[in-house]
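We'll walk through some helix packing and then a couple of individual residues.

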Amino acid sequence: MSVEKKVQFNGFTTFWGLTDRTNADTLRENLDAIGLGDLLPDVRDDGPALKRAIRRYYPGKHTLVRELPGIVGFAVVQEETAGAEMEYEEEFRVGLADGMLFTNPMDHPSREGIRAAYQEEKNIIPAAKIGGLLVRVANRLSGIRLRPTGGFYWLPNTSRDTWEQVCGAVEASNRENVIWHMRTTTDERTVDAVCDSLTIQVESRLEKLEEELAEGALGERALRTRENEAQELDALVKTYEGILGKTLKGLRARADAVEQSACLAILEASVAVA
């Protein structure tokens with residue numbers, strides 16, 4: 001007779017592989033469809049978009065694209081070998097003024113090609129910004145970073161539906177975007193791993209808050225921001241106590257202490273102003 005064992009899941013790990021060619025309009029439509037259009041990353045990086053456009057038109061390794069000082073623009077420089085030496089000759093310059101693309105000389109044959117490539121690149125979101133979007137969502141959903149360098153998170157089961165919606169929107173925007181999930185159980189080693197990661201993350205943020213408060217150079221508005229962050233960390237710890245079934249008194253006590261320090265500093269700042 002077989003005995004069926006019911007496995008209990010408390011959350012899931014997630015990590016991703018992303019492309020540098022996600023179309024902003026497509027991602028916007030997909031995020032709007034799930035009511036999360038506000039998550040769209042900023043695509044107004046004129047300089048990087050212009051540089052990518054130039055590189056599309058001049059992919060050769062002996063063409064250098066050098067940033068021009070004081071403006072959003074670049075010099076296109078040809079590199080040539082002259083015996084044992086290298087020679088460099090500036091072919092032309094391309095930049096932006098009031099959102100309009102210009103070249104010097106004005107009639108350079110690459111002008112229109114680069115202009116067209118630039119308009120395409122302006123609507124492309126690189127992998128780093130898509131990764132930033134996923135990190136913001138993971139943090140919003142009480143996710144915990146499992147690797148110090150990022151890119152690998154644990155999220156509670158209660159966040160799964162929203163996370164999968166966001167991942168679906170990102171993956172549908174470009175088939176080269178792939179986000180993996182692996183469900184985790186309530187076994188002791190899994191709980192310890194998540195708990196340790198939570199402790200490292202919260203203690204790091206609390207330490208920074210303590211240092212900023214100890215310096216005594218923050219204004220009242222900045223102090224209230226620090227107080228709110230300490231409250232958020234305390235709430236995060238309470239949430240994970242319920243998820244993990246463990247009491248984290250030390251972390252909560254430290255968060256409470258930081259919150260009280262911020263509150264006291266706010267009172268002192270108010271008295272000083274009065």
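Predicted model: local features only at pLDDT ≥ 70, side-chain atom pairs only at ≥ 80, totals over all residues.

Residues are numbered from 1 along each chain as its sequence is written, and side-chain values use heavy atoms, with hydrogens and water left out.

Let's begin with helix 1 (residues 24–33) and helix 5 (residues 160–173), whose axes come within 9 Å and cross at roughly 155 degrees. Helices here are DSSP runs of H or I with at least four residues, strands are E runs of at least two, and both are numbered from the N terminus. Axes are lines fitted to C-alpha atoms, for helices over the stretch in contact, and angles run from 0 to 180 degrees between N-to-C directions. Helix 1 and helix 5 are therefore roughly antiparallel (angles under 35 degrees count as roughly parallel, over 145 as roughly antiparallel, 65 to 115 as roughly perpendicular and the rest as oblique). On the helix 1 side, T26, L27, N30 and L31 make the contact, and on the helix 5 side A169, V170, A172 and S173 do (contact means heavy atoms within 4.5 Å). By class, that contact of helix 1 with helix 5 has five nonpolar, three polar and no charged residues. Nonpolar covers Ala, Val, Leu, Ile, Met, Phe, Trp, Tyr, Cys and Pro; charged covers Asp, Glu, Lys and Arg; the others, Gly among them, are polar.

Next, which residues of helix 3 (residues 111–121) are buried? They are R111, I114, A117, Y118 and E121, where buried means under 20% relative accessible area, exposed over 50% and partly exposed in between, using a 1.4 Å probe and protein chains only. These residues cover an arc of only 130 degrees around the axis, so they sit on the same side of helix 3; the arc is that of the directions from the helix axis to the C-beta atoms. Their cover includes helix 2 (46–57), strand 5 (85–97), strand 6 (100–104) and strand 7 (124–125).

Helix 2 deserves a look of its own. Its axis and that of helix 3 come within 8 Å and cross at roughly 130 degrees, so helix 2 and helix 3 are oblique to each other. The crossing of helix 2 with helix 3 is right-handed. Residues of helix 2 including A49, L50, A53 and Y57 meet residues of helix 3, among them I114, A117 and Y118. By class, this contact of helix 2 with helix 3 has eight nonpolar, one polar and five charged residues.

Now for helix 6 (residues 188–215) and helix 7 (residues 220–244), which pack at an angle of about 165 degrees with their axes 11 Å apart. Helix 6 and helix 7 are therefore roughly antiparallel to each other, and helix 6 passes helix 7 in a left-handed crossing.

Finally, V43 lies in the loop between helix 1 and helix 2. With a relative accessible area of 21%, V43 is partly exposed. Leaving aside neighbours within four places in sequence, V43 is in contact with A24, K122, I125 and K129.

Definitions and conventions
Left-handed = near helix turned anticlockwise from the far one by under 90°.
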